[in-house]
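Here is a short briefing to read alongside the model. Keep the structure open and follow the topics one by one.

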Amino acid sequence: MRTLIANGTIVTADGSTEADVLVDGETIAQIGADLAGTGVTADETIDASGRGIIPGAIDVHTHMELPFGGTFAKDTFETGTRAAAFGGTTTIVDFAVQSKGQALRTGLDAWHAKAEGNAVVDYGFHMIMSDVTDDTLAEMDQLVAEGVPDFKLFTAYPGVFYSPDDHIFRAMQQTAKNGGLIMMHAENGPSIDVVAAQLVAEGKTDPYYHGVARSPIFEGEATNRVIRLAEAAGVPVYIVHLSVVDALDAVRDARDRGVQAFAETCPQYLFLSLDDLGNGFEGSKFVCSPPLREQNPNWAELWTGLRRNDLQVVSTDHCPFDFHGQKELGRGDFRKIPNGLPGVEDRVDLLHDGGVAAGTISRERWVEIISTAPAKLFGMYPRKGAVAVGADADLVVYDPNRTRTISAASHHMDVDYSCYEGRQVRGASDVVLSRGSVVVRDGAFMGRKGHGQFLRRGTAEYARLA
Ligand code: URP
Ligand code: ZN
Ligand code: ZN
């Protein structure tokens with residue numbers, strides 16, 4: 001099957017150009033001006049007039065079916081990747097979970113079983129490590145060889161995913177040898193638990209106090225600490241879901257020292273705030289960790305961080321729980337509210353609207369943040385994250401002027417609310433291709449469960465991103 005995408009503007013991290021793209025089978029075969037005029041033929045032509053042709057977006061932080069807070073994140077690999085595709089995301093990297101006492105292999109096999117035959121677009125895995133032992137350290141090398149080269153460790157969630165500093169340091173030393181990457185959830189979990197217990201004892205049990213308990217200082221301290229540990233181990237480190245200036249300062253300072261510290265933020269930290277956690281139990285819809293922060297100065301500072309490349313990536317941390325029946329587990333005690341927000345469908349448009357349309361970042365930087373930088377950092381480039389001959393034909397025909405209103409009534413994520421209910425965004429995906437197949441066209445799903453394949457990823461290319 002040959003598909004010609006004609007008359008559009010190719011927008012990549014490196015620049016924009018008026019040119020056509022010929023897709024042959026699963027990959028990009030040719031790029032050039034007026035390909036039809038030069039005799040190129042195709043089975044189908046997609047007219048991209050007035051629109052951008054961008055590399056499919058990549059979300060390197062999702063949690064499909066994550067067991068957490070006494071329940072499971074609601075999207076499956078089928079529903080979650082389908083929603084991703086509607087939003088222009090053609091690759092996700094999800095977190096397989098090693099539970100305490102388990103081998104990494106057991107957790108990884110479980111995630112392969114959840115995803116295989118179910119995903120609509122391509123997927124990879126990182127590994128959550130909850131138990132660092134001699135055996136699991138040795139297993140890390142094998143996972144890197146199998147295309148699962150990143151490991152998330154936590155200074156938060158004592159008793160669940162938490163690792164003490166010596167475990168984190170040992171895992172970092174292992175990636176110094178095997179080329180993998182440590183991703184850190186950086187909040188001081190033990191101290192947060194002390195404050196949370198004190199608040200509950202004072203009768204402060206509403207969702208709002210989830211935000212109060214998790215002080216920015218706790219995120220700043222842990223971010224600085226794990227970066228220093230990575231420096232001592234002599235390895236790069238990637239901070240996930242960075243939410244606040246205190247943590248951004250730690251990353252900035254490290255990068256100014258020449259340390260290979262990388263970080264992502266998420267749409268919820270750019271568009272939502274601590275105020276959303278108020279309003280009684282409705283605030284539970286916005287409970288995630290780190291928590292939503294004060295708007296000032298955090299939103300503006302995070303955007304500055306994105307402009308200056310102190311932050312390289314925006315991912316979603318998609319971890320959806322229904323309000324009814326799931327978030328409600330925490331009525332009367334905010335500590336029991338499952339942590340996580342839905343978002344895999346809306347990232348691309350929110351960033352376009354709040355970034356490009358608002359004049360805060362260029363469209364090329366937008367593509368870099370949502371696709372190319374994650375591809376480079378997580379070993380997928382140039383197969384993914386590029387519009388280039390030989391790359392996978394993961395492409396989006398993107399209308400920068402179409403507006404749409406975000407709503408749970410129309411979204412495709414399997415969750416009963418939206419954090420952005422009623423918000424109008426400018427910019428939307430018209431046609432989405434995954435490895436050459438149209439999966440979404442003009443709001444209709446054309447894809448297939450099982451089309452999505454496991455991506456064996458290589459190790460990161462830091463030099464280009466440092
Ligand atoms: O609240 C969050 N972030 N839930 C998902 C788990 C994690 O820490 O990423
Ligand atoms: Zn986390
Ligand atoms: Zn997460």
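Around ligand 1 there are 13 residues, the closest being K152, Y157, H185, S289 and D317; a residue counts as near if one of its heavy atoms lies within 4 Å. This is a predicted model, in which local features need pLDDT of at least 70 and side-chain atom pairs count only at pLDDT 80 or more, while totals for chains, interfaces and linings use all residues. Residues are numbered from 1 along each chain as its sequence is written, chains are lettered from A and ligands numbered from 1 in the order in which they are written, and side-chain values use heavy atoms, with hydrogens and water left out.

**Polar contacts of ligand 1**

- The side chain of K152 places an N or O atom 2.9 Å from an oxygen atom of ligand 1; a polar contact is a pair of N or O atoms within 3.5 Å, and within protein one must be able to donate a hydrogen and the other to accept it, with residues adjacent in sequence counting only if both atoms are side-chain atoms.
- H63 has a polar side-chain atom 3.1 Å from an oxygen atom of ligand 1.
- For H61, the distance from a side-chain N or O atom to an oxygen atom of ligand 1 is 3.5 Å.

**The zinc site**

- H61 (NE2), H63 (NE2) and D317 (OD) coordinate the zinc ion (ligand 3) at 1.9 to 2.1 Å. Donors are N, O and S atoms within 2.8 Å of the metal (3.2 Å for Na, K and Ca), and sites may look incomplete because water is not among the atoms.
- The spacing of these donor residues in sequence is H-x1-H-x253-D.
- The 4 donor atoms of the zinc ion (ligand 3) make angles of 89 to 137°, and the site is irregular. Four donors count as tetrahedral if all angles lie between 85 and 135 degrees; four count as square planar and six as octahedral if opposite donors are over 155 degrees apart and all others between 65 and 115, and anything else is irregular.
- The zinc ion (ligand 2) lies 3.9 Å from the zinc ion (ligand 3).
- H61 and H63 are both buried, where buried means under 20% relative accessible area, exposed over 50% and partly exposed in between (1.4 Å probe, protein chains only).
- D317 is buried too, at 9% relative accessible area, and has a positive phi of about 60° although it is not a glycine.

**Aromatic rings**

- There are 16 aromatic pairs in the structure. Rings of Phe, Tyr and Trp (its six-membered ring) pair if their centres lie within 6.5 Å; planes under 30 degrees apart count as stacked, over 60 as edge-to-face and the rest as tilted.
- One of them joins Y157 and F161 edge-to-face, with 6.2 Å between centres and 70° between planes; Y157 and F161 are buried.
- The centres of Y238 and F378 are 4.9 Å apart and their planes are at 85°, so this pair is edge-to-face.
- F68, F154, Y157 and F161 are linked into a cluster by ring pairs.
- The charged end of K152 sits over the ring of F95, 5.3 Å from its centre; this requires NZ of Lys or CZ of Arg within 6 Å of the ring centre and within 35 degrees of the ring normal.

**Backbone points**

- N296 and P297 are joined by a cis peptide bond, with omega about 5°.
- From Y381 to P382 the peptide bond is also cis, with omega near 5°.
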